[in-house]
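Colleague: Please take a close look at a single part of this model. Then set that part in the context of the whole chain.

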Amino acid sequence: MPKPESWRLNAASYPFHLDLQTRFQDMDINGHLNNVAFAALFESGRVLLNREIRPWAERPENERTMVAAVEINYLAEGNFPDPVQIATGIGRLGTSSWTIVQAMFQNDRCIATCDTVVVCRTDGEAKPLRAAMVSELEAKLAKAV
């Protein structure tokens, strides 16, 4: 897997930040954060960004989103009990999907990146994103600073 672009390693490139405490149970046998912990920490950042962009009460009942793909790039070991910061933003907008781009920072260094493709389904099928949704997502674009 190629190294992430340099802008992805800068927390300021992302519009949404979440500080999370690591847990003892997140460690592997070598005393480092395990791959499942990385995935769960990224998921928390992704879900909270989605809820900020599209609050539950404002979502059409016939509209559902689902994760289509997740790719995590492990760059360095993470450690307990040090907290992490999950930096999150929108990376790409498609016709009926978007990519959430994230980076995980611990002790001021990027230890992982994550790209998640999310598909929106309306009435059980992929349909073009609503204009209001596109506008909401564009407001959270990640970009090099």
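Modeller: The expected span of a helix is 1.5 Å times one less than its number of residues. One caution: the model is predicted.

Start with its dimensions. Helix α1 runs over residues 35–53 and has 19 residues. From first C-alpha to last, α1 reaches 27 Å. The expectation at 1.5 Å a residue is 27 Å, and the helix comes close to it.

Now look at the start of α1. N34 sends a side-chain oxygen to within 2.9 Å of a backbone nitrogen, that of V36.

Next, the buried face of the question: which residues of α1 are buried? They are A37, F38, L41, F42, G45, R46, L49, N50 and I53. Buried here means under 20% relative accessible area. What covers these residues? The cover includes five strands by name: β1 (16–20), β2 (63–74), β3 (84–93), β4 (97–106) and β5 (109–122). Helix α2 (131–138) is also among the covering elements.

E52 is partly exposed, at a relative accessible area of 40%. Its side chain meets that of K140 in a salt bridge, 2.4 Å from N to O. E52 sits in helix α1 and K140 in the segment after α2, so the pair ties together parts 88 residues apart in sequence. K140 has 18% relative accessibility and counts as buried.

Step back to the chain. The protein chain has two helices and six strands. Read from the N terminus, the order of elements is β-α-β-β-β-β-β-α. The radius of gyration is 16 Å, close to the 15 Å that the globule rule gives for 145 residues, so the chain is as compact as a globular protein of that length. Its C-alpha atoms fill a box of roughly 45 × 30 × 25 Å, taken along the principal axes. Of the 145 residues, 41% count as buried. The chain exposes about 8,000 Å². Carbon and sulfur atoms supply 52% of that area.

Contacts across the sequence come next. Take the contacts with a separation of 6 or more: residues 24 or more positions apart account for 72% of them.

The salt bridges give named examples of such links. The structure holds five salt bridges. Two others deserve a look.

R8 forms a salt bridge with D115, the closest N and O atoms being 2.8 Å apart. This pair joins distant parts of the chain: R8 is in the segment before β1, D115 is in strand β5, and 107 residues separate them. R8 counts as buried at 8% relative accessibility. D115 is partly exposed at 27%. Strand β5 is also among the elements that cover α1.

E63 and R130 make the next pair, their side chains meeting at 2.8 Å, N to O. E63 belongs to strand β2 and R130 to the loop between β6 (125–126) and α2, so the bridge ties together parts 67 residues apart in sequence. E63 is buried, at 5% relative accessibility. R130 is partly exposed, with a relative accessible area of 32%. Strand β2 is likewise part of the cover over the buried residues of α1.

Notes: Residues numbered from 1 in each chain as written. Predicted model: local features only at pLDDT ≥ 70, side-chain atom pairs only at ≥ 80, totals over all residues. Heavy atoms only, no water. Helix = DSSP H or I, 4+ residues; strand = E, 2+ residues; numbered from the N terminus. Buried < 20%, exposed > 50% of the residue type's maximum accessible area, 1.4 Å probe, protein only. Contact = heavy atoms within 4.5 Å. Polar contact = N/O pair within 3.5 Å; in protein donor to acceptor, adjacent residues only side chain to side chain. Rg over C-alpha atoms; globule rule 2.2 N^0.38 Å. Areas by Shrake-Rupley, 256 points an atom, 1.4 Å probe, with all protein chains shown as cover. Salt bridge = Lys/Arg side-chain N within 4 Å of Asp/Glu carboxyl O.
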